[in-house]
Amino acid sequence: MLGSDAASPAVSPPQVGTPQPKQSTTKVIRAAVVGTIVEYYDFGIYGYMATMVATLFFVSEDETAALLGTFAAFAVAFFLRVPGGIFFGHIGDKYGRKNALSWTILLMVVATAAMGLMPTYATLGVWATVLLVLARCLQGFAAGGELGGANAFVSESAPARWRATQTSMVNSGTYLGSLVASLVALGITSTFSEEQILEWAWRIPFLLSVVIGVVGIWIRNHLEDTPQFEELEEKGETKKLPIAELLKTSGGSVVKIILLGALIIGGYYIASVYAATYLQTTGGLSSSVAFLSTCLALVLGVITLPIAGYLADKYGRKPVLFAGSAASAIVGVPMFMLMSGGTVWQAVVGQSVLFICVSVVNGASFVTYVEMLKASVRYSGIALGNNVTNMCLGGTAPFIATWLIDVTGNSLAPAGYFVFCALLTLGAVFFIEETKGIELRTD
């Protein structure tokens, strides 16, 4: 199934006369990155505040059970990403990338701000937990439309020879959003006492979403749509039901995207969101040290992404994908051994190495997805493939990692999950065609 795909780039010659962008790529990249920062700040802050959320909304005498409840709510949002991706993919492929991206950021800000205003379990009982989960579901629905649209938007404005580099910058927005979330969480835990945090200060990170969200919405509303979409619209070639067209003509590409994304999704959430908890519960480090280690790993990831994108533009997508996923499979267990060592340097080195390996793959992944798909289903295809992987391997990653330790009694069990994700990506690399330098397909 993976080897045969009617929509494979390999069977379509490069196109000529690709429409030229009417707005600078700098403006396009800035809008995509800022919006993605907002989305992933909102989506990630819940994970970084997991131990506080567990205490306030998932009351249990068993700390592990409370944490599992928190991560279960974390996972629920990922199941809503798939319908969210289908919905916003439909809007983006039929009515325009800009329209879809403006709505994703607005819904995300509303959901996150609602979390910051909610009464806790002590005030509202189980209904507080229900409201939290519902807001988390709205976050998931909105997040489902973000990366597919942002990557389609930038790639359709980028020159072919720099497409991987420029697309990788979009994904730096996911890291920067998580980095801002981690820094805010670090600032909260460093500034306020535990009593103050549990009483009122935990609300601050969620309410900050409104401030940064307004900036992102303003920037995106001042963009024009992409030249390729406008060409489709002018020629009347947009599809009535993009998801049906996608599954009919590009089903194989979607399967490849699902498998290629295993490491940059499952591995990402293990090396960032879950690792912040792992360093506290298994490594015995303070929350401040755990958040600091995560921040450093994210900074290194932001630096790695455009380097990996440049290498993908210079040497090809497949060599970069192969190198990053193979390295991840090799270092997974040793780096978790370091993180469980209980010292600051072990935490920083272990987490950073894992995150750099994930970032190498991430730098070449989304441009590969973009180049697999034709313009009329590109938003839907990336959104569907990426979100299915998020549902299966991303949202469940912290929950499964916590559960594996509880069941096996082995603190290195999460490393097995990380390596599993790396091997899925590594295997998928052998079933894709090299797409470096091709013109994006419109038919």
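This is a predicted model: local features need pLDDT of at least 70, side-chain atom pairs count only at pLDDT 80 or more; totals for chains, interfaces and linings use all residues.
1. **A nonpolar patch on the surface.** Val59, Tyr121, Leu124, Val126, Trp127, Val130, Leu131 and Leu134 form a nonpolar patch on the surface, and together they have about 740 Å² of accessible area. Two elements, helix 5 (121-124) and helix 6 (126-143), each give two or more residues to this patch. The largest share, 5 residues, comes from helix 6.

2. **Val126 within the patch.** Val126 is one of the residues of this patch, and Val126 lies in helix 6. Is Val126 buried or exposed? The relative accessibility of Val126 is 52%, and exposed means over 50%, so Val126 counts as exposed.

3. **The two sides of helix 12.** Helix 12 covers residues 242-249, and within it Pro242, Ile243, Glu245, Leu246 and Thr249 are buried. These residues lie on the same side of helix 12 because they cover an arc of only 160° around the axis. Leu247 and Lys248, on the other side of helix 12, are exposed.

4. **Glu245 and its surroundings.** Glu245 is a residue of helix 12. Its relative accessible area is 17%, and buried means under 20%, so Glu245 counts as buried. Leaving aside neighbours within four places in sequence, Glu245 is in contact with Lys239, Ser250, Lys374 and Val377. For comparison with a residue elsewhere in the chain, Glu245 and Val82 are 163 residues apart along the chain, and their C-alpha atoms are separated by 17 Å.

5. **Lys374, the partner of Glu245.** Lys374 is found in the loop between helix 17 (344-372) and helix 18 (378-394). With a relative accessible area of 10%, Lys374 is buried. The side chains of Lys374 and Glu245 make a polar contact of 2.7 Å. The pair also meets the rule for a salt bridge, with 2.7 Å from N to O. Glu245 lies in helix 12 and Lys374 in the loop between helix 17 and helix 18, so the pair ties together parts that are 129 residues apart in sequence.

6. **Salt bridges elsewhere in the chain.** How many salt bridges does the model contain? The count comes to 9 salt bridges. One of them joins the side chains of Glu156 and Arg97, at 2.7 Å from N to O. This pair links distant parts of the chain, 59 residues apart: Glu156 is in the loop between helix 7 (146-155) and helix 8 (163-191), while Arg97 is in helix 4 (residues 97-117). Both Glu156 and Arg97 are buried. In another salt bridge, the side chains of Glu146 and Arg220 meet at 2.6 Å, N to O. Here, too, distant parts of the chain are linked, with Glu146 in helix 7 and Arg220 in helix 10 (residues 204-221), 74 residues apart. Glu146 is buried, and Arg220 is buried as well.

7. **Ser178 in helix 8.** Ser178 is found in helix 8. Its relative accessible area is 3%, which means that Ser178 is buried. A polar contact of 2.5 Å joins the side chain of Ser178 to that of Tyr268. Which residues are in contact with Ser178, leaving aside its neighbours within four places in sequence? They are Tyr40, Tyr48, Tyr268 and Leu298.

8. **Phe366 in helix 17.** Phe366 has its place in helix 17. Phe366 is buried, with a relative accessible area of 2%. Not counting residues up to four places away in sequence, Phe366 touches Leu147, Asn151, Thr167, Asn171, Ile264, Ile382 and Asn386. Phe366 and Ser168 are 198 residues apart in sequence, whereas their C-alpha atoms are 7.5 Å apart in space.

Note on methods:
Residues are numbered from 1 along each chain as its sequence is written. Side-chain values use heavy atoms; hydrogens and water are left out. Patches are made of residues with over 30% relative accessible area and no salt bridge: like charges are joined within 9 Å, nonpolar side chains (Val, Leu, Ile, Met, Phe, Trp, Tyr) within 5 Å. Accessible areas come from the Shrake-Rupley method with a 1.4 Å probe; for residues, only the protein chains shown count as cover. A salt bridge is a side-chain nitrogen of Lys or Arg within 4 Å of a carboxyl oxygen of Asp or Glu. Helices (H or I, at least four residues) and strands (E, at least two) are DSSP runs, numbered from the N terminus. Buried means under 20% relative accessible area, exposed over 50%, partly exposed in between (1.4 Å probe, protein chains only). A polar contact is a pair of N or O atoms within 3.5 Å; within protein, one must be able to donate a hydrogen and the other to accept it, and residues adjacent in sequence count only if both atoms are side-chain atoms. The arc is that of the directions from the helix axis to the C-beta atoms. Contact means heavy atoms within 4.5 Å.
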